[in-house]
Amino acid sequence: MRRSGWPGAALAGVLSAAVAVGVAEAIAAFVRPEATPFVTISGAVTDRAPQGPREWAIRTFGTADKAFLLTVITVLLALFAAGLGVLATRRLRYGIVGVLALGAFVAWTAVDRPSYTPADLAPVLVGTLFGMLALILSTRPDLVDRRPLARPLPGASEDDVREPAPDTSRRTVILVGAAAVAAVTGFGGRMLQHARFNAERSRASVAGNLPAPISAAAPAGPGLIEPGLTPYLTSNADFYRIDTAFTVPQLRAEDWQLRIHGLVDREIRLDYPQLRARLAIERDITLACVSNEVGGDLIGNARWLGTPLADLLREAGIRPGADQIVSRSPDGMTIGTPLREVLDGRDAMLAYAMNGEPLPIKHGFPVRMVVPGLYGYVSACKWIVDLEVTRFDAFSAYWVKLGWARQAPIKTQSRLDTPRDEGTVNAGRVPVAGVAWAQHRGIAAVEIQVDEGPWQPAELAPQTTTDTWRQYRWMWDATPGRHVLRVRATDGTGAVQTAKNADVVPDGATGYHRIGVTVR
Ligand SMILES: Nc1nc2c(c(=O)[nH]1)N[C@H]1C(S)=C(S)[C@@H](COP(=O)(O)O)O[C@H]1N2
Ligand SMILES: [Mo]
């Protein structure tokens with residue numbers, strides 16, 4: 001055949017990769033959604049990304065950091081595949097070696113996942129095979145040309161005869177076929193994955209009869225109402241989400257089991273009905289992410305229903321020397337929590353409901369941990385299935401290995417919600433309002449400073465627990481011009497929030513939130 005130009009060859013490479021990915025998606029529907037190439041590659045990259053780029057991605061894309069990573073992977077894969085297409089057209093052997101190398105790399109990312117089982121290799125192996133086939137067919141249609149050769153003219157070589165055979169149409173058919181296979185297996189595989197591995201029905205089936213708490217969350221009153229001010233309770237839909245899961249783990253309540261083991265006198269295994277049959281408590285607890293910048297919104301306050309964790313651990317019998325509990329989810333996350341805080345009387349819980357509904361799947365259905373006063377990465381394991389009582393010097397959890405602190409109590413912080421940063425307001429009485437938090441110490445005071453003026457005490461919403469944020473409001477007599485507003489809080493121990501600016505790494509940001517406002 002005539003070696004067609006490089007755009008056609010590149011397209012053939014890209015479509016072959018699409019076939020490989022599509023077939024892998026379809027096979028994963030029979031293994032598990034976590035075994036698709038995109039998920040395993042993303043996982044391997046996430047686990048190895050150096051702190052700098054990781055921070056940059058979170059800062060720049062926020063909770064869209066996963067979408068960003070998927071885009072980068074897609075673009076790189078397409079470029080590599082295009083190169084393979086061009087290569088295969090010239091030297092098929094090299095193209096095949098390239099496909100095998102890519103397949104081997106993806107297989108390695110699958111094996112690299114903490115939750116790896118051999119079945120996870122099926123999608124990449126079958127996908128690679130089909131991708132290779134697609135590459136051969138689309139770059140060298142002559143190799144599968146079964147038509148009898150035209151009789152050579154006297155003196156002409158066989159090649160001369162075959163060369164003019166019209167095959168652009170065959171090539172087009174092959175490319176269109178590859179695109180169709182990729183689309184059908186890819187989208188079909190996705191749909192099948194969703195149908196087979198979706199916990200939504202299980203979640204609906206346990207929604208009707210949530211246990212009544214033996215001790216309810218203390219009613220906090222109506223809270224402060226002010227346009228732009230964060231409401232006291234965050235709805236499930238508005239609650240921030242932070243996790244490393246590229247496909248949200250789909251655990252069904254009826255399959256769920258928690259194992260408590262390690263440095264304990266007796267192992268405990270608990271299924272979902274057993275968990276819900278235990279004493280239930282309901283608590284308002286403000287969850288915060290250590291990656292929350294000053295003024296950021298990686299924080300939310302929910303009403304959690306669950307069972308006290310300390311009771312369960314005591315039933316298991318904690319052996320001397322233990323100082324950490326490591327919680328695990330099926331996607332391989334490990335979260336290390338100090339035992340001391342869990343046992344010190346605070347409302348550490350295994351939660352199964354959030355704001356009156358079973359936990360949303362994204363927020364850990366069927367069960368997650370919540371510990372007031374500790375950042376999420378050291379306390380709030382979602383989709384929890386395993387609790388190991390151990391020692392800090394025996395095991396470092398996921399984020400700790402990546403350079404974050406082992407111990408991470410939430411730092412006292414405050415945020416200005418209204419007026420908006422860089423907004424414009426009319427001169428006169430302007431409400432300045434927001435939230436302040438110092439979980440498990442409580443908020444005793446919030447003050448506002450205008451320009452370099454004195455700190456002014458704000459009005460606080462009633463507080464019934466030290467474990468939540470607290471709304472505040474201060475009425476400002478705003479005069480025309482440009483002003484800078486700052487806020488600071490004092491916690492329940494009397495300690496004033498530090499003015500010192502610190503980055504989120506390794507154990508949470510500090511500094512005062514400040515905004516610029518134009519008054520006209
Ligand atoms: N299984 C699992 N649990 C997890 C995480 C995770 O990546 N995987 N992230 C933690 C972090 S860093 C935070 S801040 C909270 C966020 O909980 P949310 O997504 O429900 O707001 O979950 C924690 N629990
Ligand atoms: Mo977090």
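Trainee: What makes the H363 side chain and an oxygen atom of ligand 1 a polar contact?

Mentor: A polar side-chain atom of H363 lies 2.7 Å from that oxygen, and a polar contact is a pair of N or O atoms within 3.5 Å, so the pair counts. Bear in mind that this is a predicted model, with local features needing pLDDT of at least 70 and side-chain atom pairs 80 or more, while totals for chains, interfaces and linings use all residues. Residues are numbered from 1 along each chain, chains are lettered from A and ligands numbered from 1 as written, and side-chain values use heavy atoms, without hydrogens or water.

Trainee: Which other residues make such contacts with ligand 1?

Mentor: R368 has a polar side-chain atom 2.7 Å from a ligand 1 oxygen. A380 uses a backbone N or O atom, 3.0 Å from a nitrogen atom of ligand 1. Taken alone, ligand 1 exposes 530 Å² (Shrake-Rupley, 1.4 Å probe), and the protein buries 99% of that.

Trainee: How many residues surround ligand 1?

Mentor: There are 19 (a heavy atom within 4 Å), and the closest are Y240, S329, H363, R368 and K382. That shell divides into eleven nonpolar, four polar and four charged residues.

Trainee: Where does the chain divide into domains?

Mentor: An automatic or database assignment gives domain 1 (3-197), domain 2 (209-401) and domain 3 (413-519). The C-alpha centres of domain 1 and domain 3 lie 53 Å apart.

Definitions and conventions: Polar contact = N/O pair within 3.5 Å; in protein donor to acceptor, adjacent residues only side chain to side chain. Nonpolar A, V, L, I, M, F, W, Y, C, P; charged D, E, K, R; others polar.
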